[in-house]
Amino acid sequence: MKQKHIILTACVALFSATQAIAQGEDLSILTANNDARTAAMGNASTAAGSLYLYNNPAAIFKTNKSFTADAATSFFEGTEGTDGTFGLYAATAGYKFAKQHAIFGGLRYAGGLKIKGIDVSGNPTKDYEPYNWTLDLGYAIALGKGFAAYASTSLIYSHLTKNATSARVSVGGSYQNNVMNIANRHAELIVNAKVDALGPKLNYGNNRKGTLPTFLSVGGELTVDMAEKHQVAAALSTHYFLQSSENKLFMIGGGFEYTYNKLVSVRTGYEYGNHYNSHITMGAGVMCHGLRLNGAYNLKTTDTGSNYCSIGIGYDF
């Protein structure tokens, strides 16, 4: 009983930062949006044009570059009963070859909190520092006429009071149209759908198991050149978690981006989630010669949940 109480305390402290615990799931590292650009647009990450491996690997076919690399981090406000700062970190790289194939590799890490352990009688025990990490691989193929398909897989390692490992699979498809015209203005459309976090449970021992937060995600982004140096974009995406639970979770987010001279962007949006998981989002970014630097801030709209900020840097070459 003592061991079970400590494990549950660690789960709540570590993973409630991204609201995954609200659904009884404890692997928010697999569901959190690591992309700072779309984090500022209501977390509409399904059709994101960076951190391809974790959002839409097929989006790499939208660029005329062969190599891509991204790194991102998100920091969450503190929670009661913990020390330290909870952070999510991601890094990924991709290579496009033979015009219609792309491969990706990456890693993610979630941790940074120190939890004061207590037993069921309220007596202090040793402190715990839970964390998760994943090693990730992906592949995408362009099928022609703007259609593409992709798949990715991960090795998952989770440390609470005991260790557990598992594997995760994601599959999806995308459509892109880069030669559209809307009111005689050049426009680009990308639509994406995927099923993510498919895999077996993690077994921590003592009848404590963690279920992967399997979810279905659908979304898209439309970009329009309003004038020679002025561009606007709108993005929308939804997430529906498929695992059986007393608290089903549905998330929908959308936002807008204005870009001047393909150099500086400002963004805003709103993300709605049941179980008090909604945020107002905002941010900005700079692009120069293939280099991308983006920042975002997500402001919770209720007393529960967490405020957090995200920073990302990427380069296409």
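This is a predicted model: local features need pLDDT of at least 70, side-chain atom pairs count only at pLDDT 80 or more; totals for chains, interfaces and linings use all residues.
1. Strands β15 and β16 run antiparallel and are joined by eight bridges; two strands count as paired if DSSP finds at least two bridges between them. Helices (H or I, at least four residues) and strands (E, at least two) are DSSP runs, numbered from the N terminus. Within this pairing, G295 stands opposite I311 in β16.

2. Residues are numbered from 1 along each chain as its sequence is written, and side-chain values use heavy atoms, with hydrogens and water left out.

3. Overall, the protein has two helices and 16 strands. Of its 317 residues, 47% count as buried; buried means under 20% relative accessible area, exposed over 50%, and partly exposed in between (1.4 Å probe, protein chains only). The protein exposes about 14,300 Å², of which carbon and sulfur atoms supply 61%. These accessible areas come from the Shrake-Rupley method with a 1.4 Å probe, and for residues only the protein chains shown count as cover. Among contacts (heavy atoms within 4.5 Å) with a separation of 6 or more, 55% are between residues 24 or more positions apart.

4. Ten bridges join β14 (residues 279-288) to β15, and the two strands run antiparallel. C288 has L291 of β15 as its bridge partner. The hairpin of β14 and β15 has two residues between the strands, and H289 takes a positive phi near 55° there.

5. D316 is in strand β16 (residues 308-316) and R292 in strand β15 (residues 291-300), so the pair links distant parts of the chain, 24 residues apart. Both D316 and R292 are buried. A salt bridge here is a side-chain nitrogen of Lys or Arg within 4 Å of a carboxyl oxygen of Asp or Glu.

6. A search of the whole structure finds eleven salt bridges. One of them joins the side chains of R108 and D136 (3.1 Å, N to O). This pair links distant parts of the chain, with R108 in strand β3 (residues 101-115) and D136 in strand β4 (residues 131-144), 28 residues apart. Both R108 and D136 are buried.

7. Another salt bridge is made by the side chains of E257 and R267 (2.6 Å, N to O). Because E257 lies in strand β12 (residues 250-260) and R267 in strand β13 (residues 264-273), the pair ties together parts that are ten residues apart in sequence. E257 is buried, with a relative accessible area of 7%, and R267 is buried as well, at 6%.

8. Strand β4 also holds N132. Is N132 buried or exposed? N132 is buried, with a relative accessible area of 0%. Its side chain makes a polar contact with the side chain of S158 (2.6 Å). A polar contact is a pair of N or O atoms within 3.5 Å; within protein, one must be able to donate a hydrogen and the other to accept it, and residues adjacent in sequence count only if both atoms are side-chain atoms.

9. The largest nonpolar core has 21 residues, of which L27, L30, F86, I156, L202 and L212 touch the most other members. A nonpolar core is a set of buried Ala, Val, Leu, Ile, Met, Phe, Trp, Tyr and Cys residues joined through side-chain atoms within 4.5 Å. The elements giving two or more residues to this core are β2 (82-97) and β3, and β3 gives the most, with three residues. Leaving aside residues up to four places away in sequence, L27 touches N132, I156, L202, L212 and P213. A second, separate core of 17 residues includes L53, I60, F61 and A140.

10. N43 has a positive phi of about 55° although it is not a glycine; N43 is found in the loop between α2 (36-39) and β1 (67-76) and is buried, with a relative accessible area of 7%. A98, also not a glycine, has a positive phi near 55°. A98 is found in the loop between β2 and β3 and is exposed, with a relative accessible area of 57%.
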